[in-house]
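Hi,

Here's the structure I promised to pass on.

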There are 2 protein chains.
Amino acid sequence: MEKQDLINNRHIELIEKKLYNLLSQPTKCETLLSAMQYSTLDGGKRIRPRFTIATGILSSADLDASVTIGCAIELIHCFSLIHDDLPIMDNDDLRRGRPTNHKVYGDAVALLSGDALHALCFEILSSPDLQISDRAKIDIINLISQAIGLQGMVGGQTIDWLSTGKTLTLAQLQEMHLLKTGALLKASILGGYLAGKDANSEQFKLLDFIAEKIGLLFQIVDDIIDTTEDTITLGKTANKDLLNNKATYVNILGLERAQQIANDLHSEIKGLIQAHKNSEQLAYLADCVYYRNS
Amino acid sequence: MEKQDLINNRHIELIEKKLYNLLSQPTKCETLLSAMQYSTLDGGKRIRPRFTIATGILSSADLDASVTIGCAIELIHCFSLIHDDLPIMDNDDLRRGRPTNHKVYGDAVALLSGDALHALCFEILSSPDLQISDRAKIDIINLISQAIGLQGMVGGQTIDWLSTGKTLTLAQLQEMHLLKTGALLKASILGGYLAGKDANSEQFKLLDFIAEKIGLLFQIVDDIIDTTEDTITLGKTANKDLLNNKATYVNILGLERAQQIANDLHSEIKGLIQAHKNSEQLAYLADCVYYRNS
């Protein structure tokens with residue numbers, strides 16, 4: 001096994017352990033906690049916290065702190081999936097190879113478990129247990145809350161919802177995805193970096209630039225595998241966007257052109273990482289996004 | 001008009017203006033912003049931000065800062081009402097005398113507007129525009145996020161949902177309401193206090209004690225007026241809990257006993273406020289909760 005694979009596996013172990021700990025607390029509502037655990041401790045790819053850890057290394061962040069920040073962001077990702085899957089949104093039955101949250105806990109508890117995961121993210125980031133400076137906490141909370149609200153993820157989800165069945169231009173599709181998936185992915189990349197004492201604004205800007213391209217690559221690859229792979233491999237409903245009459249990079253550009261763009265973007269991202277701050281872990285994760293192999 | 005009425009009206013004006021400003025921003029998704037505004041700029045009683053301002057005065061907080069913190073908490077209150085009213089929860093058509101959010105914007109956008117208000121609360125509290133110390137910001141974010149999640153409001157909503165149609169003891173009902181409505185109300189009382197430079201832990205503990213009693217009074221009075229007033233006066237469906245087969249103080253204790261307990265609690269709260277730190281504004285707000293007149 002390659003060195004980067006080993007490091008990556010170690011990071012995933014740390015993430016799983018931290019998520020488990022963050023979701024192990026005495027509670028007066030076991031059902032709610034159980035629903036929160038169900039959609040979090042389910043073997044997702046953890047690409048967001050893995051990015052957080054990788055960029056934390058670049059600014060000499062404490063490893064436990066960047067794991068914690070990454071996991072807080074992962075909770076937001078999980079909450080958004082629960083709400084997205086609800087019958088009043090995408091009405092999906094399958095997620096990561098298992099029944100969706102509302103199929104197990106009912107619509108009301110699923111809704112509430114999403115809300116509770118959302119709140120827990122900010123509880124973790126403001127906790128005395130997170131050993132970073134107050135300033136870094138505030139900056140990270142501001143980064144994440146902006147990334148997920150009206151001007152970010154939820155704004156993008158709404159645009160996506162409202163454009164169902166409509167024809168989008170490539171520019172409109174791109175703008176929607178910059179918000180819907182790009183903003184949180186970018187926050188995971190920048191959030192880790194902000195946690196370290198060596199963070200500086202020049203490097204931050206560069207990472208911001210790279211992060212936007214990684215977000216774009218992520219979505220194009222998502223659209224490609226949604227078209228080319230089956231439901232069992234995906235662990236979620238295949239061809240979902242086509243079934244839901246939604247615009248994708250593949251149906252706007254065609255499969256071949258989408259693959260070409262993904263390929264070019266991947267090369268560009270790798271070049272940027274290498275030229276400016278040669279982070280092996282970041283380059284490895286860019287490969288993971290491109291090949292979607294782990 | 002009495003002096004406290006004048007002060008109170010001035011505070012309400014500041015709150016309305018601040019909420020309007022917080023929800024006036026350029027956006028790529030006008031529909032989402034419009035849904036967020038619809039359920040926020042709708043003339044609620046603003047009892048939570050009024051409490052925040054009142055306790056901010058006790059610790060010499062900057063007035064604009066306590067208005068901002070109170071409004072951030074009000075956004076959480078509004079988000080919880082939107083989600084509560086959804087057909088997958090209480091399925092209510094009327095709120096503050098108008099159609100509920102999902103009746104106007106549809107279930108999906110209503111869900112998402114709640115999520116966006118939730119995120120906006122933390123964006124505001126972590127913003128450089130809020131002129132309080134980083135430490136105070138962190139403490140307030142931690143207070144609020146704890147108050148609204150698994151161990152607070154959302155936990156209470158879930159217990160409430162799961163106990164529909166079941167018989168609750170008085171102790172169980174009380175525990176549920178301490179979470180469902182009490183936790184956020186308490187956070188609004190403590191959040192303002194934490195914003196000021198003169199905040200100290202002894203006074204904080206006392207306010208915590210008073211806040212719990214105010215939360216209890218709030219809920220008992222809510223149950224009483226739900227039974228005794230009609231839908232037009234309430235601006236939301238009257239007898240809703242009875243219709244939804246939910247336990248209330250009135251149906252567990254009877255109307256007379258519930259009124260007696262509310263009366264005793266009100267006297268106790270007024271005594272506590274007077275004995276320890278005689279805040280006229282806080283006493284005035286305790287009266288507002290009791291008489292529910294403004």
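Predicted model: local features only at pLDDT ≥ 70, side-chain atom pairs only at ≥ 80, totals over all residues.

Let's start with the symmetry. Chain A can be superposed on chain B by a rotation of 180°, with 0.0 Å of shift along the axis and an RMSD of 0.0 Å. The two copies are therefore related as by a two-fold rotation axis. If you want to find that axis on screen, look for Asp134(A): its C-alpha is the nearest to the axis in chain A, at 3.0 Å. Both copies also use the same surface, as 100% of chain A's contact residues recur in chain B.

Now the contact itself. Each side brings 45 residues, from chain A and from chain B. On the chain A side, the helices that each give at least two residues are α2 (30-38), α6 (107-125), α7 (134-148), α8 (153-162) and α9 (170-194). The largest share, 12 residues, comes from α6(A). Sorted by class, chain A's side has 23 nonpolar, 14 polar and 8 charged residues.

Finally, the two arginines in chain B. Arg46(B) isn't a glycine, yet it has a positive phi of about 60°. You'll find Arg46(B) in the loop between α2 (30-38) and α3 (47-58). It has 22 C-beta neighbours inside 10 Å, so Arg46(B) counts as buried.

Arg96(B) also has a positive phi, about 50°, without being a glycine. Arg96(B) lies in the loop between β1 (94-95) and β2 (98-99). With 15 other C-beta atoms within 10 Å, Arg96(B) is partly exposed.

Cheers

How values were computed:
Residues numbered from 1 in each chain as written. Chains lettered and ligands numbered in written order. Least-squares fit on C-alpha atoms with pLDDT ≥ 70 in both. Contact = placed C-beta atoms within 7 Å. Helix = DSSP H or I, 4+ residues; strand = E, 2+ residues; numbered from the N terminus. Nonpolar A, V, L, I, M, F, W, Y, C, P; charged D, E, K, R; others polar. Buried ≥ 20, exposed ≤ 12 C-beta atoms within 10 Å, placed from the backbone.
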